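Work through the exercises below with the sequence and the coordinates at hand. Each task is followed by a stepwise solution.

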Amino acid sequence: MEISGKGVFLTGGARGIGRKLIEALLAKGARVFFCDINESVGRETESELRKQYGDDRVIFQQCDVTKADQFKATFDMAVSKLGAVDVCCNNAGIMDETVPEKMIAINTTAQIRGSQLALEHMRRDRGGRGGVIVNTVSVAGLVSCYNIPVYVATKHAMIGYMQSMALTVHQKEQGVRWCCLCPTGVNTDLIALKEGQAIEKDTFLALLDAFGLLEPEDVAGAFIRLLQDENNNGAIMEVSPQFKEGRYRKRILVDEDGISDPVPADRAFILEELAAAKLGKAP
């Protein structure tokens with residue numbers, strides 16, 4: 001995809017990864033309509049980016065993505081302001097094991113809702129002009145982690161949804177690509193955890209520290225690559241300290257005991273020993 005001139009709708013864009021994705025898009029010549037639940041920070045971000053790129057290139061609207069009617073109205077506003085949405089990035093997310101229902105509502109339900117709104121608008125077989133839907137997921141959607149079980153579940157769900165939608169036999173007629181962006185731990189407010197927001201928080205933070213943290217701008221480069229690569233419908237792109245430019249992941253078949261049927265799995269990051277060493281504990 002040639003990004004210049006395209007209209008982009010993005011959730012969770014006031015700060016963190018979302019803001020860096022917006023900056024990367026604007027630098028490539030896109031027009032961006034973004035929303036966030038935090039109105040004051042969103043307005044501040046909009047003002048700062050307008051000074052650099054112009055008032056007509058970036059638009060902010062406050063939105064709670066867990067409220068279906070409000071979300072739809074915000075997406076419809078983006079279509080009106082941009083003329084068309086060519087790229088939809090469902091980026092809003094939280095990590096807090098104390099509020100599992102809220103985490104599911106934001107990380108999974110809202111991402112599915114945003115994807116469905118975008119698909120109905122984009123699909124060529126119903127008068128749209130095609131496009132790309134990118135869901136910001138996480139490497140947590142490819143592995144298991146005792147410390148953040150509900151968060152992991154929300155991310156696995158989004159990869160399953162995305163790949164299922166990408167498999168449609170109508171993809172050619174619809175003209176819509178589906179992708180997941182899966183970073184490892186990123187240095188944002190998401191990981192500034194309070195007690196209870198992750199099980200055995202210190203162990204989890206040591207795990208992140210052992211693997212190394214990305215900066216938000218690291219994720220932006222891989223995101224742009226996802227958009228520009230034309231033949232990647234159904235893609236899972238890992239972004240990690242070892243692969244800051246991003247690398248495509250594929251699910252593999254594992255025959256664990258030579259007797260049972262092979263099962264789909266992903267290569268897990270084996271970091272428990274590193275985390276234990278950081279904490280001075282035996283693995």
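The model is predicted, so local features need pLDDT of at least 70 and side-chain atom pairs count only at pLDDT 80 or more, while totals for chains, interfaces and linings use all residues. Residues are numbered from 1 along each chain as its sequence is written, and side-chain values use heavy atoms, with hydrogens and water left out.

**Exercise 1.** Describe the chain by its helices and strands, its buried share and its contacts.

Solution. 
- Step 1: The chain holds nine helices and ten strands (DSSP runs, H or I of at least four residues and E of at least two, numbered from the N terminus).
- Step 2: Of the 283 residues, 49% are buried, meaning under 20% relative accessible area with a 1.4 Å probe, protein chains only.
- Step 3: Among contacts (heavy atoms within 4.5 Å) with a separation of 6 or more, 69% join residues 24 or more positions apart.

**Exercise 2.** Identify the residues with the most contacts inside the largest nonpolar core and the elements that supply it.

Solution. 
- Step 1: A nonpolar core is a set of buried Ala, Val, Leu, Ile, Met, Phe, Trp, Tyr and Cys residues joined through side-chain atoms within 4.5 Å.
- Step 2: The largest such core has 35 residues, and Phe9, Val85, Ile133 and Trp178 have the most contacts inside it.
- Step 3: At least two residues each come from strand S2 (31-36), helix H3 (68-82), helix H4 (100-122), helix H5 (149-166) and strand S6 (176-183).
- Step 4: H4 gives the largest share, six residues.
- Step 5: Beyond its neighbours within four places in sequence, Ile133 touches residues including Ser115, Ala118, Leu119 and Met122, as well as Val176 and Trp178.
- Step 6: Another core lies apart, with 34 residues that include Cys89, Cys179, Leu214 and Val219.

**Exercise 3.** Characterise the lining of the largest cavity.

Solution. 
- Step 1: On a 1 Å grid over the protein atoms alone, a cavity is a set of points where a 1.4 Å probe fits but cannot get out, and lining residues have an atom within 4 Å of a point.
- Step 2: The volume of the largest cavity, about 30 Å³, is the space filled by probe spheres set on the points, which are joined across faces, edges and corners.
- Step 3: Its lining consists of Thr11, Val65, Phe71, Asn90, Ala92, Ile106, Ala110 and Gln111.
- Step 4: H4 supplies the largest share of this lining, three residues.

Conventions
Buried means under 20% relative accessible area, exposed over 50%, partly exposed in between (1.4 Å probe, protein chains only). On a 1 Å grid over the protein atoms alone, a cavity is a set of points where a 1.4 Å probe fits but cannot get out, and a pocket is an open set with protein on both sides within 12 Å along at least five of seven lines; lining residues have an atom within 4 Å of a point.
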